[in-house]
Amino acid sequence: MNPTFHPRGLAGRLAAMFLNSKLTPLVILVSLLLGLGATLVLPREEEPQIIVPMADVLVAMPGASAEDVEQRVTWPAEKRPGESLIIVRFLVGTDPEDALIRLYTKMYANFDKIPPGASQPLIKSRSIDDVPILTLTLSSASLHGQDLRAVAAQLDEQIKQVPDVSETTLIGGQRRQVRIDLEPSRLGAFGLSPTQVMAALQSQNIASHSGRLDLSNRSVLVRTGSFLRDREAVGSVVVAVHQGRPVRLREVATLTDGPEEPSSYVFFGRGPASGAPSEEEEAVTLAIAKRPGANAIAVSHAVLEKLEAIRGRYIPSEATVTVTRDYGETAAERSNELLLHMGIAVVSVSLLIWWALGKRESLVVAIAIPVTLALTLATFVLYDFTLNRVTFFALIFSIGILVDDAIVVVENVVRHLRLPESEGRPRAEVVLEAVDEVGNPTILATLTVVAAILPMAFVSGLMGPYMLPIPLGASAAMLFSMLVAFTIVPWAALRLLADEGDQAGHHEQEDFLTRLYRRFMDPLIHHAGWRWFFLLGTTLLLLGALALVPVKAVQFKMLPFDNKSELQVLLDMPEGSTLEDTAGVVRELSRRIAEVPEVTHYQAYIGTASP
């Protein structure tokens, strides 16, 4: 099996190195294991990770009207380039830490321009990972908003312990509050003002560490003061001394220990598709976000497992917990569906090659495709990509072009093995000669495709990083397909096409596809009329396809519509509408939505933003 043919091109030399090497099967195995490991290691999510540094700059000015805040705070802040009171956004791809440092530096350099009465700016960074991937809604027909929020707060503390959970947010319900209603007549009798009462409360609602006491070989931390925890403690606060007697807060005010005044409402209801429609119930939603780069599926499953483990201890039987958003589950569905379609594409291409070239030839290509895809998946780990719909699209898109190199090599090997002059020659020599013959054109074709796709990686703006996996993934797939075609394909062809030489001398027998191709091409080559008719027909078909866009027969967009199982309806009431008026309109709208047969459940957020 030692070939006497000495290849002259790069392809032939690569094929000679791997043709009879015992390392070639190991390379195939390692490549497949790398791809499998990358599939298990890479985080899965719906959308690719995009670095868009953003920050909220909040400045409070108590007592000032909206016009005063606008004129004295907002306008001066907006005079600084790239900054705003509400949102500061940097160029896509800017390092988030560098962006925040620059923002802090700029703000601190202009603190002297802050008007009297305004607070120092509060800067909070924002990112795509702040969007919750999981929302849990607690609802009950018997528990009130305060009780539901207390249950949700306990659940929140447990959920925060789950690894890779970055931020949790409680929406809805009322916090516990001690309400103080001052009596003007009693204040006047003791010569007190509301300002004095507030100062007394602030001075006594404090706790601090005062030092350390060493006693009997033990060290004890000394803590002075305490926070006010209930109505009795608040009522016992001494707000003044009148005629030598302490005046306590309960003597000048009415105290109420209960829920705070509602500033928002959250309601939950089940629709006909749930199988158990119900009336609207008061609810509290717990929104959960993941850390950057974490696997959305793993975080979602871990949180739900934690929920099941603590359900009996922290969630009373009167409360119901409903998963109202689970992007981890939808990400799993999308990734599994795309993996299935990628497998279907591999099988379809192999069957097509089986039908066009033969069974053994399709087996050779069927080996090359998984190896190439596995190596491409391994590069996604180096690129720090995640498995999302864009990266999977890049892989599926690559399947159609990465088989070209393998098909060219396999077809030429088969042709050489069937040539009469190849009879009696060593098969390894014939395989090397076939690979070397098509090596340079295959390299040129591969680099041409890479040169056409790779510039897409340099697109700026928001769409550039979003679509980055396509040019990088497809380019890597093309380069790997070329290497596989010159190394693994000849090795597999030598072993799987061992009997092709028996057909030498019968190459003149044309199959059905060859006869069909010849019948179609002969008129185009030998008759000018047929050529012009073919070109005219092709031009008309092209123009007809382009005309579908302006006539709106098809919608032209970058990505297909996302088929999510959730819908958001935003309702803006006239300025000055009360919270109760808005709640009445929203609940009426909710009752209409609950009549739609496809609705499983719905949430209404009034006076607050939805997750």
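Two strands pair if DSSP finds at least two bridges between them. Helices (H or I, at least four residues) and strands (E, at least two) are DSSP runs, numbered from the N terminus.

The model is predicted: local features need pLDDT of at least 70, side-chain atom pairs count only at pLDDT 80 or more, and totals for chains, interfaces and linings use all residues. Residues are numbered from 1 along each chain as its sequence is written, and side-chain values use heavy atoms, with hydrogens and water left out.

**The sheet**

Select strand S1, residues 54–58. S1 runs antiparallel to S2, and 3 bridges join them. Pick Ala55; its bridge partner in S2 is Val88.

Now show the open sheet of 3 strands, ordered S2-S1-S3 with antiparallel pairing. Its edge strands are S2 (87–89) and S3 (122–126), each pairing on one side only. From one strand to the next, the twist averages 25 degrees.

Axes are lines fitted to C-alpha atoms, for helices over the stretch in contact, and angles run from 0 to 180 degrees between N-to-C directions.

**The helix pair**

Next, select H1 (residues 10–18) and H13 (residues 427–453). Their axes come within 6 Å and cross at roughly 135 degrees.

Display the contact (heavy atoms within 4.5 Å). H1 contributes Leu10, Ala11, Gly12, Ala15 and Ala16. From H13 come Leu432, Val435, Asp436, Gly439 and Ile443. Colour by class: 7 nonpolar, 2 polar and 1 charged. Ala, Val, Leu, Ile, Met, Phe, Trp, Tyr, Cys and Pro count as nonpolar, Asp, Glu, Lys and Arg as charged, and the others, Gly among them, as polar.
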